[in-house]
Amino acid sequence: MDDLSKSFVPAIFILFLICFLSIALFLKKTSQAIDYWLFLGSLPSLARNSNRLPEWFTEVFCSLGRGSFFIDGPIFSNLKYFVTCHDKNIEYILKSHFNNFPKGPDFKQIFEPLGDGIFNADSDTWRVQRRMAHTAFLSGEFKNLLSSMSRRVVEDQLVPVLVHVAKTGTTFDLQEMCWRFAFDVNMNAVFGIHPRYLSIELPSNDLAEAIDVAQEAIFYRHTMPMLSWKLMCLFGIGREGEVRKALTTINRHIYEHISQKRIDMSNGAQTFDLLSTYIKNIEEHKRSTAPSPHKNEDEFLRDAMFNLFTAGKDTIASGLIWFFWLVSKTPSVEKKIIEELKMLMSSKTGELLEHHEWPWVFDSDDINGLVYLHAALCESLRLYPPVPINSKTVLNEAVLPDGSLVKPGMQVLIPFYSVGRMPWIWGEDCLEFRPERWIDGDGKLNLHENVSRFFTFNLGPRTCLGKDMSFTQMKAVVAAVLFNFQVEVLEGQHVCSKPAITLHMENGLKVKIQKRVM
Ligand code: HEM
């Protein structure tokens with residue numbers, strides 16, 4: 001063979017191989033509803049859809065017609081995601097084989113502003129946090145505080161603001177009101193503080209703003225290679241520079257609240273917020289002989305409180321805003337909610353509706369038992385789960401109930417958003433807002449039937465601790481708003497979700513309200 005042929009043969013072989021791989025990969029691309037590129041894997045698809053992951057995952061599941069798929073990163077990277085909305089897989093990962101699916105080291109680094117708080121912790125650190133939080137949430141005093149405080153914030157802050165905008169006929173952003181409400185209620189519940197962020201003047205609040213900055217940066221960390229945001233963090237530039245400043249503000253506020261609380265408690269103040277409960281718990285522990293589980297008490301309290309606060313604030317606001325939007329598009333549901341509230345009011349007061357005082361605020365204990373309102377909230381949380389995607393890391397290789405093989409170090413993504421939108425889980429009418437699916441033939445809530453497919457509050461040992469608290473707060477707001485006001489969502493708005501860890505609206509929800517005439 002001459003020299004020319006010698007160099008031609010390998011070149012032709014390589015060309016043939018490339019053609020073969022390209023055709024194979026092209027075929028894979030067209031059959032999988034998610035692009036697969038030579039060398040790059042599915043990274044281009046992931047990047048293109050990174051600002052609409054919940055919607056994109058839902059589209060992929062529907063076009064594949066099955067509940068799981070893999071996303072491969074570039075050929076030489078170890079990036080590999082397993083995405084699943086298969087109900088049996090979810091139960092396996094979150095419940096029956098919970099220990100094999102921790103949050104993992106990457107999660108902890110991305111969410112490092114949360115410190116060692118409950119969201120960011122695994123194994124023993126998590127167990128300590130979970131035990132303390134569980135005790136605090138279950139206490140009768142805390143539950144009482146929560147229901148009286150939800151009513152107070154609605155009565156003293158939310159309703160007066162809404163009466164004001166109704167009288168002036170002003171257009172306003174309902175999402176912002178929900179944010180402000182959730183901020184105030186959770187400051188009360190966690191720190192025992194009354195910031196009045198929700199008031200007619202719509203004041204600014206540096207803590208609220210700093211938390212938003214930190215949360216946004218955490219979200220964008222998910223979309224970048226770790227090395228790049230870590231370098232930005234090291235040099236304090238871009239979003240990472242803003243996070244540094246935001247964290248200084250957040251820490252200053254939280255440490256101030258902790259030391260003020262200690263002073264108040266040593267002066268004999270009786271408070272039942274979560275911070276007080278934690279401090280009492282730590283003091284009791286010190287009196288026992290057991291070694292303290294906390295290296296630095298204030299740091300422990302800072303992490304614990306910051307986690308509890310962020311857990312409650314954004315989720316409640318998100319749950320509320322999508323609910324109001326769905327109700328505005330479904331007048332039949334609104335009508336039934338108002339009928340239920342009217343009946344409650346008449347039964348409580350014996351008054352004729354025409355004579356009731358306006359605005360009217362319900363007691364949390366009374367509205368907690370309303371069946372249709374509860375069903376409507378569950379239905380909205382199914383379609384718009386405030387935490388749209390949960391993520392876990394695989395510890396040991398496992399074969400999941402649908403036969404998928406997951407390997408150590410792989411990231412598992414569970415899009416709760418998609419779970420609520422799969423016809424094979426919720427039926428062909430899964431995209432309809434139909435609270436009736438939560439009510440049985442006897443007119444009672446059939447939560448039991450939905451327990452194995454409604455994952456909005458997570459499942460298993462890490463189930464949300466604030467579920468009851470969330471319903472109490474959301475019902476208090478919904479009852480006050482819908483019973484007293486007619487909410488008109490302005491036409492022509494583009495309502496879509498914002499890329500974030502919790503599901504918010506990108507452009508808010510502009511509304512006008514007026515007094516409801518019964
Ligand atoms: C509609 C409102 C809410 C929804 C949909 C919701 C949903 C969730 C979800 C999906 C998780 C699991 C997160 C994960 O594993 O990373 C979670 C955990 C948690 N939630 Fe909620 N949540 C809501 C409101 C609240 C409120 C008001 C609180 C009270 C402060 C709260 C406290 C917690 C806590 C402490 C955890 C951590 C549980 C653990 O890791 O052991 N949540 N929640």
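**Entry 1: Ser 42**

I began with Ser 42, which touches Ile 34, Asp 35, Tyr 36, Ile 71 and Asp 72 when residues up to four places away in sequence are not counted; two residues are in contact if their C-beta atoms, placed from the backbone, lie within 7 Å. I note that this is a predicted model, in which local features need pLDDT of at least 70, side-chain atom pairs count only at pLDDT 80 or more, and totals for chains, interfaces and linings use all residues. Residues are numbered from 1 along each chain as its sequence is written.

I found Ser 42 in the loop between helix 1 (3-32) and helix 2 (43-48), where helices (H or I, at least four residues) and strands (E, at least two) are DSSP runs numbered from the N terminus. Is Ser 42 buried or exposed? Ser 42 counts as buried because it has 23 C-beta neighbours inside 10 Å; the cut-offs are 20 or more other C-beta atoms within 10 Å for buried, 12 or fewer for exposed, and partly exposed in between, with C-beta atoms placed from the backbone. I also looked up Lys 80, which is 38 residues from Ser 42 along the chain, and the C-alpha atoms of the two are separated by 9.5 Å.

**Entry 2: strands 2, 4 and 7**

I saw that strand 2 (residues 80-84) pairs with strand 7 (residues 411-415) in the parallel sense over three bridges, and two strands pair if DSSP finds at least two bridges between them. Strand 4 (residues 389-393) is joined to strand 7 by five bridges, and these two run antiparallel. Gln 411 in strand 7 stands opposite Tyr 81, and Gln 411 is also the bridge partner of Thr 393.

**Entry 3: the sheet 3-9-8**

I then turned to an open sheet of three strands, in the order 3-9-8, with antiparallel pairing. Strand 3 (172-173) and strand 8 (485-489) each have a single partner strand, so one side of each is left without a neighbour in the sheet. Strand 8 is joined to strand 9 (residues 510-515) by five bridges, and Glu 488 stands opposite Lys 512 in strand 9.

I checked the unreviewed UniProt entry, which lists Cys 464 for "binding site"; UniProt positions are given in the numbering used here, feature names are shortened, and annotations may be inferred rather than shown by experiment. Cys 464 lies in the loop between helix 19 (447-450) and helix 20 (467-484), and it counts as partly exposed because it has 17 C-beta neighbours inside 10 Å. Leaving aside neighbours within four places in sequence, Cys 464 is in contact with Phe 457 and Asn 458.

Which residues are closest to the ligand? Of the 24 residues that surround the ligand, the closest are Ala 311, Gly 312, Thr 315, Cys 464 and Gly 466, and a residue is near a molecule if its C-beta atom, placed from the backbone, lies within 6 Å of it. Helix 13 gives the most to this shell, with six residues.

**Entry 4: the nonpolar cores**

I looked up the largest nonpolar core, in which Met 305, Ile 321 and Val 477 touch the most other members out of 89 residues; such a core is a set of buried Ala, Val, Leu, Ile, Met, Phe, Trp, Tyr and Cys residues joined through C-beta atoms within 7 Å. Helix 13 gives the most to this core, with 17 residues. A second, separate core of 28 residues includes Val 60, Val 83, Ile 90 and Val 406.
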